[in-house]
Amino acid sequence: MLNSKNKAQLKSIAHSTDLVKINIGKDLLTDAFIQSVENCFSTHELIKIGFLKSALGSVTKQELILDLIDALDCDVVQSIGNTIIIYRENKDIKDHIILKR
């Protein structure tokens, strides 16, 4: 669970670096999509997820976010419009983010 200081630190990092961005379309949260994000988490700790309009036709963005963080065991750092930034700690990568207390 991230506190407000952690989120501020991660937002700062997210806006100063190029993040991997993955879009969710009409197929929503398929196993292939979840596996794709899992693969990204093996080399990155911060990932941008974009919700296309076709994804938001049958479910709300909030429902998708809840399903996503549940499936990936990650935290939402920020949500702006149809884009969110998610974080999951990975101490095995070279540029591991050390969160302040």
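I take helices and strands as DSSP runs, numbered from the N terminus. The model I am reading is a predicted one.

Entry 1, helix H3. I checked the length of H3 (residues 61–72): its 12 residues should span 16 Å at 1.5 Å a residue, and the end C-alpha atoms are 16 Å apart, which agrees. I then looked up burial and found Lys61, Leu64, Ile65, Leu68 and Leu72 buried in H3. Viewed down the axis of H3, these buried residues fall within an arc of 100 degrees, so they line one face of the helix. Their cover includes H2, strand E2 (46–51), strand E3 (75–80) and E4. After H3 comes Asp73, and I noted its positive phi, near 55 degrees.

Entry 2, the sheet. I traced four strands in an open sheet, ordered E1-E2-E4-E3, with mixed pairing. From one strand to the next the twist averages 25 degrees. E2 and E4 run antiparallel and are joined by five bridges; I found Ile47 opposite Ile86 in E4.

H2 lies across E1, E2 and E4, at about 170 degrees to E1.

I counted one salt bridge. It joins the side chains of Glu38 and Arg88, at 2.8 Å from N to O. Glu38 lies in H2 (residues 31–41) and Arg88 in the segment after E4 (83–87), so the pair ties together parts 50 residues apart in sequence. Glu38 is partly exposed, its relative accessible area being 25%.

Definitions and conventions:
Residues are numbered from 1 along each chain as its sequence is written. This is a predicted model: local features need pLDDT of at least 70, side-chain atom pairs count only at pLDDT 80 or more; totals for chains, interfaces and linings use all residues. Side-chain values use heavy atoms; hydrogens and water are left out. A salt bridge is a side-chain nitrogen of Lys or Arg within 4 Å of a carboxyl oxygen of Asp or Glu. Buried means under 20% relative accessible area, exposed over 50%, partly exposed in between (1.4 Å probe, protein chains only). The expected span of a helix is 1.5 Å times one less than its number of residues. The arc is that of the directions from the helix axis to the C-beta atoms. Contact means heavy atoms within 4.5 Å. Two strands pair if DSSP finds at least two bridges between them. Axes are lines fitted to C-alpha atoms, for helices over the stretch in contact, and angles run from 0 to 180 degrees between N-to-C directions.
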